[in-house]
Amino acid sequence: MMKRYKACFSCGGNRHRDSKKEKKRINIKENLTGAEKLSLEDLLEEELENPMVQLRYTYALDVIRAKLRLIHADLTAQSRRPVIRNLSSRIKTAESIGRKLVKKQHEISFETAVATLNDIAGIRVVCYFCDDIYQVAAAIREQSDLRVIKEKDYVKRPKKSGYQSVHLIVGVPVTYRDRTQEIRVEVQIRSFAMDYWAEMDTQMCYKKNTAQILHVERETKNYSDLIAEVDNKMLELRRRIEGG
């Protein structure tokens with residue numbers, strides 16, 4: 001399985017599952033032989049790690065990565081400066097998928113995950129400046145062989161936690177023999193400053209209890225506003241330099 005990138009979403013809220021959700025998560029099904037019992041998460045992991053499933057998601061990620069490299073080369077030539085700082089990608093683990101299905105009160109199964117989750121495969125794009133985000137997003141929309149299914153702009157409308165990023169859910173056609181399946185990939189596009197805040201927010205909230213998390217969230221929200229201000233000032237400075 002591909003290396004995971006660190007979760008970039010705010011970690012607010014109680015991380016402890018209530019007893020009902022825990023019981024739902026560990027419901028037991030028998031396997032085909034009946035000799036051994038597997039939890040729903042084990043069955044989910046078994047299907048997710050099927051080589052054909054992994055290869056389809058890996059192929060979709062490779063297509064998006066290749067497109068983003070082309071976009072970077074094109075925009076860099078146009079602006080005469082680098083636009084994308086780095087790319088990272090991951091396929092969610094069965095544990096992470098299971099948690100999300102429980103949170104959404106869905107059945108824990110591979111079929112349900114594929115039908116309801118848009119971020120089983122994900123790519124993070126870190127740009128140098130905040131205006132680069134929209135150039136990259138626009139270039140993705142222009143790709144005739146990809147389909148933008150959904151878009152959320154957390155830059156213009158940040159989350160309550162202070163999280164900022166543009167999310168595109170992109171459908172990638174994966175054809176093998178006579179069958180074409182559309183694989184959804186979540187593309188997160190953010191500036192270097194936004195990525196710094198998100199990474200630090202994750203680190204600060206890691207393994208904290210509820211009271212600590214609420215305190216940290218209040219502090220990091222203030223820092224998000226400060227970082228956004230610096231982000232915009234750096235953009236203004238760059239534009240003044242470019243304007244001569």
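**Helix packing and the core**

Reply: The protein chain has eight helices and seven strands, in what is a predicted model. Of its 244 residues, 43% count as buried. Among contacts between residues at least 6 apart in sequence, 69% join residues at least 24 apart.

The packing to look at is that of helix α3 (residues 51-79) with helix α6 (residues 130-141). Two packed helices are described by the angle between their axes and the distance between the axes. Here the axes come within 10 Å and cross at roughly 125 degrees. Angles from 65 to 115 degrees count as roughly perpendicular and those over 145 as roughly antiparallel, so α3 is oblique to α6. The crossing of α3 past α6 is right-handed.

On the α3 side, the residues that meet α6 are L68, I71 and L75. Their counterparts in α6 are Q135, V136, A139 and I140. By type, the residues of this contact divide into six nonpolar, one polar and no charged.

The largest nonpolar core has 47 residues, and V136 and I140 are among those with the most contacts inside it, together with I64, V125, V185, V187 and I189. Helix α3 gives the most to this core, with eight residues.

A second core of six residues is separate, and includes Y154, A193, W197 and A198.

Conventions. Residues are numbered from 1 along each chain as its sequence is written. This is a predicted model: local features need pLDDT of at least 70, side-chain atom pairs count only at pLDDT 80 or more; totals for chains, interfaces and linings use all residues. Side-chain values use heavy atoms; hydrogens and water are left out. Axes are lines fitted to C-alpha atoms, for helices over the stretch in contact, and angles run from 0 to 180 degrees between N-to-C directions. Helices (H or I, at least four residues) and strands (E, at least two) are DSSP runs, numbered from the N terminus. Angles under 35 degrees count as roughly parallel, over 145 as roughly antiparallel, 65 to 115 as roughly perpendicular and the rest as oblique. A crossing is left-handed if the near helix is turned anticlockwise from the far one by less than a right angle, and right-handed if clockwise. Contact means heavy atoms within 4.5 Å. Ala, Val, Leu, Ile, Met, Phe, Trp, Tyr, Cys and Pro count as nonpolar, Asp, Glu, Lys and Arg as charged, and the others, Gly among them, as polar. A nonpolar core is a set of buried Ala, Val, Leu, Ile, Met, Phe, Trp, Tyr and Cys residues joined through side-chain atoms within 4.5 Å. Buried means under 20% relative accessible area, exposed over 50%, partly exposed in between (1.4 Å probe, protein chains only).
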